[in-house]
Amino acid sequence: MFHWLEQRPFFFAVGVFLVIAFAGLIEIVPDFAQASRPIAGKQPYTLLQLAGRHVYIKDSCNACHSQLIRPFKSETDRYGPYSVSGEYAYDRPFLWGSKRTGPDLHRVGEYRTTDWHENHMWEPTSVVPGSIMPAYKHMFTQNADLETAYAEALTVKKVFNVPYDKPGFTKLGSWEEAKKQALEDAKKIAAEMKNQDVKDAVARGEIPEIVALIAYLNGLH
Amino acid sequence: MQNAALEYDYTVAKWFTYLAIIFGIVGMVIGTYIAFELAFPGLNEVFGQYGTFSRLRPLHTNVVAFGFTLSGIFATFYYVGQRTLKVSIAESKFVHGVAKLHFWLYFLLAALMVVSELMGITTSKEYAEMEWPLDVMTVVVWVLWGMAMFGLIGMRREKTLYISMWYYIATFLGVAMLYLFNNMEVPTYLVTGMGKWYHSVSMYAGTNDALVQWWYGHNAVAFVFTVPIIAMIYYYLPKESGQPVFSYKLSLLSFWGLMFVYLWAGSHHLIYSTVPDWMQTMGSIFSVVLILPSWGSAINMLLTMKGEWNQLKESPLIKFMVLASTFYMLSTLEGPIQSIKSVNALAHFTDWIPGHVHDGTLGWVAFMIIAGTLHMAPRFYKREIYSKKLMEMQFWIQTTGIVLYFSSMWIAGITQGMMWRAVDQYGNLAYSFIDTVTVLHPYYTIRAIGGTLFVTGLLMWAYNFYKTMTSDKVLDKEPAFASPMGA
Amino acid sequence: MEAIREWQAYAYFFLTVFLVVMLYGYILHLYRAEKKGTRDYEKYGKLALDDELTDAPVELNEARENEKNENKEQS
């Protein structure tokens with residue numbers, strides 16, 4: 001039977017395809033609807049947070065930090081309540097990571113402050129002696145890309161029905177409204193920071209990457 | 001025209017071999033550099049934002065997986081494909097043209113991939129970091145490969161496809177399916193007309209995204225690091241040793257067994273995550289079942305050498321291949337062990353995982369590609385391999401490198417996993433996270449040294465290959481089995 | 001949702017059983033065929049060794065030869 005296939009490349013290819021596609025069909029498809037439901041009260045990211053998420057992705061923070069707390073006492077003691085599926089409903093892409101060279105960040109917003117992040121991103125060993133994390137000084141001078149973040153938010157609103165602007169959910173609005181709101185959020189964060197260049201930039205109406213990133217990290221609960 | 005002796009045409013195979021050597025060195029130099037960064041964090045600042053561990057880590061994985069390994073796969077395919085089908089690619093101008101186009105587009109794609117990842121343009125999904133324009137290009141490259149493959153098969157003289165061809169076909173189909181589904185994304189510029197034109201957002205969210213990603217991620221390992229490498233060993237080991245494969249029947253069974261089982265195992269990356277329990281359990285069980293077909297192939301290879309073990313002593317090429325299949329057995333045993341739920345609870349997120357990956361990729365994948373290219377060199381250039389001694393040295397240096405790598409990562413991973421869960425007499429966590437980082441410094445250093453040794457071996461490989469090309473020891477005809485080597 | 005899950009479980013179970021039966025049946029078939037002498041599988045192992053263009057194929061691909069002859073007739 002298989003020998004017959006080896007002499008007929010077309011049917012051979014069909015056979016291989018059926019055998020390998022089988023697993024995906026059974027494993028993945030049926031749970032899709034179930035797993036995409038958000039938990040009650042879960043809010044989509046604000047524009048500033050989303051821009052911060054892009055910074056997180058750009059510098060591959062997920063190469064060393066997970067965002068997935070497993071249901072063990074040693075993990076819940078260290079990082080907080082274990083993660084549940086519905087918390088990730090608005091995460092595109094997911095950022096669970098696969099390696100903890102540094103600690104988990106899924107609930108980092110619960111126990112770190114703007115001030116801590118500022119010091120840590122500028123010089124990690126200043127707050128965590130012995131840290132092997134690189135310094136990310138360039139985030140203090142480069143600006144976050146708010147427009148792309150807005151494009152993404154609008155896309156998921158239109159294409160995937162993410163509940164932006166629905167009653168009781170995060171407001172997105174038009175590009176002008178969204179930009180204004182993001183700048184206001186950024187000002188609140190800059191007020192708690194001490195880096196003068198960052199403060200000046202925000203006062204000028206710019207949003208340095210670090211501000212967006214901190215907004216994102218503070219929003220991780 | 002008919003009477004001019006027909007010969008195999010190795011043009012495209014040669015080109016891909018050069019790329020494999022270049023990307024191998026580039027990818028592993030980056031890898032070694034970031035290994036040193038973990039041991040000596042000051043190195044992160046040398047190249048500004050372009051040199052941090054986090055920016056370079058995806059670049060390392062992509063260059064070795066999709067630069068080095070894929071080049072090696074394509075190079076060997078354009079060689080093994082012609083020979084086992086008994087057809088010269090030059091017999092059809094069209095197929096030959098497609099193969100050349102395949103090479104150049106692939107080269108361009110790989111170059112763009114390197115640049116875009118240095119700039120931080122990434123989707124963040126592991127081994128699928130490229131943004132949508134490059135994804136589209138990948139599809140084109142892949143289709144071209146398929147056209148060349150089936151074009152070659154269409155004009156074959158040999159009716160039966162050899163074992164290696166089954167595995168190449170499976171690689172083609174498997175990667176095509178996985179890649180398409182995992183990279184489903186919506187380009188945001190096309191929807192809104194705003195922002196960066198190359199940005200996209202994943203079609204799946206959260207847990208679903210994770211599920212699809214690891215269905216892909218695990219199987220990308222299957223169809224890039226396992227299946228095509230098995231294709232290589234089924235050809236090069238019998239050919240180099242002059243021994244037909246031990247059991248053709250066993251190879252049939254392992255092939256179909258592997259095809260069926262491998263895809264199920266993907267969810268072992270998500271044990272204790274938020275995907276449904278039954279799926280985690282299945283991932284775990286199938287990972288253990290996977291030992292059977294994997295070992296089927298490996299044992300088949302070792303038994304092919306039955307009664308010919310003296311060759312192991314005499315030929316460094318045989319050494320490379322026999323050690324490769326041994327490492328294959330090791331990592332296909334280690335993987336399932338790590339998938340057992342209780343072991344996974346300890347091992348997941350630790351350095352044991354990169355340790356496991358590297359004894360597969362360095363010991364199995366890289367060794368097979370090195371052996372394949374060195375076997376092809378005398379056939380490419382009709383010259384004997386420049387130096388056997390250099391090859392012997394390369395073998396031992398690289399083997400030492402791998403051993404340093406995985407032994408240090410085993411210890412590091414288990415230490416880290418134990419410390420994360422350690423509690424004092426009152427049940428409080430015994431260590432803060434940073435304690436579990438600083439304790440790893442010696443192991444990170446040993447790992448980086450192991451990497452350095454491996455890269456040294458690669459340089460010897462490149463040198464040996466280059467000297468073979470330009471050597472004056474011309475052979476009057478293609479060697480049948482064992483490759484001739486100079487002292 | 002429940003219906004889908006049930007369907008999923010049945011499909012999974014029966015397909016797995018089916019494939020296992022197929023696999024073992026196939027092993028049996030392979031060894032029987034060779035014992036009876038109707039087939040010799042191991043000769044295909046030679047494919048990797050005798051792979052010069054001038055070596056005779058284990059089995060000629062007739063489709064190719066037919067096509068060639070047709071071409072010759074046309075030209």
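How far apart do the C-alpha centres of domain 1 and domain 2 of chain A lie? They are separated by 40 Å. Domain 1 of chain A covers residues 2-35 and domain 2 covers residues 47-218, with bounds taken from an automatic or database domain assignment.

This is a predicted model, in which local features need pLDDT of at least 70, side-chain atom pairs count only at pLDDT 80 or more, and totals for chains, interfaces and linings use all residues. Residues are numbered from 1 along each chain as its sequence is written, while chains are lettered from A and ligands numbered from 1 in the order in which they are written.

Chain C has two helices and zero strands; helices (H or I, at least four residues) and strands (E, at least two) are DSSP runs, numbered from the N terminus. Of its 75 residues, 9% are buried, that is, with 20 or more other C-beta atoms within 10 Å of their own, the C-beta atoms being placed from the backbone.

Two residues are in contact if their C-beta atoms, placed from the backbone, lie within 7 Å. Chain B contacts chain A through 72 residues, against 69 residues of chain A. Helix 7 (residues 206-241) of chain B gives the most to this side of chain B, with eight residues.

Between chains C and B, the contact takes 20 residues from chain C and 25 residues from chain B. On the side of chain C, helix 1 (residues 2-36) gives the most, with four residues.

Methods
A residue is buried if 20 or more other C-beta atoms lie within 10 Å of its own, exposed if 12 or fewer, and partly exposed in between; C-beta atoms are placed from the backbone.
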